[in-house]
Structure formats: C-alpha cells, structure tokens
Amino acid sequence: MNILFATAEAVPFCKTGGLGDVCGSLPRALAKLGHRPTIILPAFRQAFEAGLKIEPTGIDFEVTLGQKRVRGQYLRSELPDSNVPVYLVEQTGYYDREQLYHEDGEDYRDNCERFAFFCQAALQAIVLLELDTEVVHCHDWCAGLIPAYLKTVLQDQPPYDQIATLYTIHNLAYQGNFWHWDMALTRIDWKYFNWRQMEFYGNLSFMKTAIVFSDAINTVSPTYAREIMRPPLSCGLEGALQHRSEDLFGILNGADTDHWNPASDEFLGEHQYDVTNVEPGKAACKAALQAELGLPQRPEVPLLAAVGRLADQKGFDLVARVMQQWASERDVQWVILGTGEQKYHQVFSSIAQEHPGHVCVRLEFSNELAHRIEAGADMFLMPSQYEPCGLNQLYSLKYGTVPVVRSTGGLADTVVDTNSQTIAEQIATGFTFSEYTAQALAETLNRASEVFADKPVWRQLIDRGMKQDWSWEQSARKYIDLYEQTLTRARREAFTA
Ligand code: ADP
C-alpha cells in the first residue's frame, strides 16, 4: 500500500517528543513489511543540523494563503537505514527558526499560516512529485487541514478524489486553535466555519477539523481512545469525538528497538547487556551513570529516574513533592532529565542544590543521557496526568528498569502492577497507581522499594519486562489493517454521497 505520512516531526529530522519517534519508526516498519510509505514534513532548521544528506528536487510550488501567494520548494532525503523517501517542504521564512512551534514559552504568532502552508504543500506534492498515494496518514494538528482540503476544495479533483485520510491523535491537548479570521488564510469556504465542522468556541481548530473530515481516526493506545470520549481528557472535543466513535481506534505505539536496545545501544559503550547478563550489565551502567552525574557510586541505593518534557501533563509536580519529602529522609538517589516550564526548572534546581548527594537534575535535551539513564536507573517514574501512549515506559521495560506509572492511557495498557495476584500469575512488570496525588506516588514508591529489596522478585519483574515484544512490527500490522479499513470507509462514503 502507498501511504503518505504528513507530519511536523520525524526522527532523525526533527523531534520534540513521541510524535517524532513514531513518524521515524512506523514508516520503516511498514517498509519492512513490503509497503511503500513516504514522509513529508517541514524543513525545520533542526533537520539541517542533523547531519543528513538533503538534496534539492528542483521542484518548487506556490501556495495561496488568503490574499498572499507564498513560494516554497521540495527537498529530498531518505529515512536512514531504509529506502523510505522523505520530502521536506522548504520555506525559510516559516521554518528556519530556533524552535518548531514556540519560543520563550510563546507560540509563534503565525503558526496557523505556517501549518496551513504545510498542509497545502503536502497535498500539492502528491501531484508535483508524482507520489502515488492511497492514504494520507495525517499526524496531530499540524497536518489537520489536509482531510478538510480533500473533502472540500479538492473533493472532485483527480487524483485527490481517490485518496483516503487517516488522522492520528498523538495528544489531544495540543489542538492548533486560532483566531477565527485565520479561516480566510485557508481558502476553505466560510460555510464550513460552524460548530459541527471547523469552528471551536469561536476559533478555527485544526484538531477538530481533522476529527470531522478524516475517513478514520486513531489514537496511540486503546485506553486513551476511550478516555478522550469524556471530559476532562476530551479537552472539549467530546461531542466531535463521540460523533465519530465508530471510526475511532486505538493502536499502541511500538518502541524502536534498533535504537532502544541495551544489547546494541551505542551510548552504553562497553556496558551493553541483555536479559542473560542483566545483573552485572545494569550494575555497570548504574555505576557509570552515578559517576557521570556526580552521585556517589552506591550499588545498593535505589536510583529513581524521570525523563521528559517538564510539563504539567507529565506529573512532575508529584515527583517534585515526593523528592522534596524524601531527599532528607530516605536513602534513594534521583535523576531528572528534561526541559520545559520554568517553574519546574526552578523547583528541581533548588532541590538538587540542597541535596547534592541524592539528587541530580539535568535541564537539557540529551538523547545520549536519556539512553544511559534508561540503562542505569532501577526505577523509571511516569506519574502522568494523562499519557496518550508514552514511550519511555516501553524503553524502561526493554532496559530492565522497572516502571512506576500512573494508570492512564498507554501506561495502563503496557504496565502491569505488582501485587500478590499478579506475582502468582507471573504477569507483573511494574507498579501502578490511580489517584493523581503525591501521596499515591509516595505509597507506590514505598511498595516498589520493598520489592527492590526482595531481589528474586525484582529480578522476575526485570526479566519479564525485557522479554516482552514492543517492537514496531506488531503495531505496523495493525496500522495496515486500519489503512485498509480507512480506504473501505472512504469508498463507502463516496458511494453513498
Ligand atoms: P511525549 O511525546 O508526550 O513528549 P513520549 O513518552 O511519548 O512523550 O515521548 C517522549 C520522547 O522524548 C522519548 O523518546 C523521551 O526519551 C524523549 N525525551 C523527552 N525529553 C527528553 C530530554 N530532555 N532529553 C532526551 N530525551 C527526551
């Protein structure tokens, strides 16, 4: 099948979170199964800094945005270690910037224009670059206008009239909502600016538009697919989502085991390990990590880690509260790696200053360190308010680092709590809790610490997690089924229209 991925992020071209991981991995997995994915994404500055071979195609184009005509050109590259073509939409005024979406905590003011341009450029590429496309797989709000263009402006125009759209929601909270006058930029008729279609509380919403116009929709875990049907996780879109409930699916992300595998992880140097030598392997990684972070090299002390965007969503307020309480009372070590909201930078920096022997905080984005933390830590914390899928818990399972998670979204679908029943059934892999409170996290960490001291049971958790298969191949097969269903739905709709 020929699938065009329209996305703002794809590893290794650019990434701010899980979206980048998914769009770098899923196309590769689809290609391995004999399908023909192509990726199109904006040519952000990050992509040129990634050291990849990017060439001009010599093909340029023009997009009309309201009264303006804006020119751009297509560049060509390839997803490394694959034959998946990657096209980059170059428009330096829009994409050659410090960050992808915002700077200094403020969204770029022309985000609507930047991504309306991208959506139209992606659609024009189908014709100008002769991309044989059956399904456009649109990712998150940045690609949200594509399904609307196909169902309105391009409705009767070949080859667009034959193309189906699947829309994947990676995070419903980031919606791409803009001032209503931005509707004029899109060139889509104002008649669609109504509460059933593109309008959302007076604004133009890319997310809602995509939910309304796509042939099928999915999110990145079955539990999150259910959770977003109701407040609070529906973020106001429960009406639109319930209306599409028969077309809404949940497919868990995979983990990229080419890059996230302790047996071949280039960032672990000589300390690579697998399930057969996990004890000495992890011990060596833990000692190396403690040395790197300036923490005392004490093998017996539990090392607790959290890596991620320092945003409310990720539950870092709970982590900070438990850290503050425990740092002076309990003999555990903490490592936090992340960047994000200033309030978290401040609170974590000050805890680290007060407790240098127990707490290390790195306020940066470091893929290498993220790998070494996954390998060297004993427990990995993800007390998220909500988590569409979550990738770090999958990496943790693979690296024998026991996940401690709040039971929500993909975390609920991937981590099995440890209790007498799950130990007896041999299914326990981590620790989960429900209530979003620091007390619940602390109690769960207490339970985890007790089991940490019981080495045979702890080893069982590690072994079971490491042996699980979270590879992309499984998820890719589910996506292929869903692409088929998407085509069927599109044809049925065309037939009944
Ligand atoms: P989200 O997409 O909501 O940010 P995910 O768990 O799905 O969360 O994916 C986050 C990805 O980004 C993971 O691969 C994680 O390791 C990575 N990541 C996040 N923050 C950092 C950081 N500061 N340094 C390195 N990697 C990070």
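Helices are DSSP runs of H or I with at least four residues, strands are DSSP runs of E with at least two, and both are numbered from the N terminus. By that convention, helix H1 is followed by Gly34, a residue with a positive phi near 95 degrees. The model is predicted, so local features need pLDDT of at least 70 and side-chain atom pairs count only at pLDDT 80 or more, whereas totals for chains, interfaces and linings use all residues. Residues are numbered from 1 along each chain as its sequence is written, and side-chain values use heavy atoms, with hydrogens and water left out.

H1 itself covers residues 18–32. The expected span of a helix is 1.5 Å times one less than its number of residues. For the 15 residues of H1 this gives 21 Å, which agrees with the 21 Å between its end C-alpha atoms. H1 is mostly covered, with 12 of its 15 residues buried (under 20% relative accessible area, where exposed is over 50% and partly exposed in between, with a 1.4 Å probe and protein chains only). Among these buried residues are Asp21 and Arg28, along with Leu19, Val22 and Leu26.

The protein is divided into domain 1 (2–254 + 473–496) and domain 2 (266–469), with bounds that come from an automatic or database domain assignment. Their C-alpha centres lie 33 Å apart. Across the boundary, 19 residues of domain 1 are in contact with 16 residues of domain 2, contact being heavy atoms within 4.5 Å. About 1,300 Å² is buried between the two domains, and carbon and sulfur atoms give 57% of it. Thr223, Leu252 and Gln474 supply 25% of the area that domain 1 buries against domain 2, more than any other three residues. Buried area here is the accessible area (1.4 Å probe) that two parts lose on being put together, summed over both.

Strand E15 (residues 303–307) is largely enclosed by the rest of the structure, because five of its five residues are buried. Leu303, Ala305 and Val307 lie on one side and Leu304 and Ala306 on the other, and both faces are covered. E15 pairs with strand E16 (residues 333–337) in the parallel sense over five bridges; two strands pair if DSSP finds at least two bridges between them. Opposite Leu304 stands Trp334 of E16.
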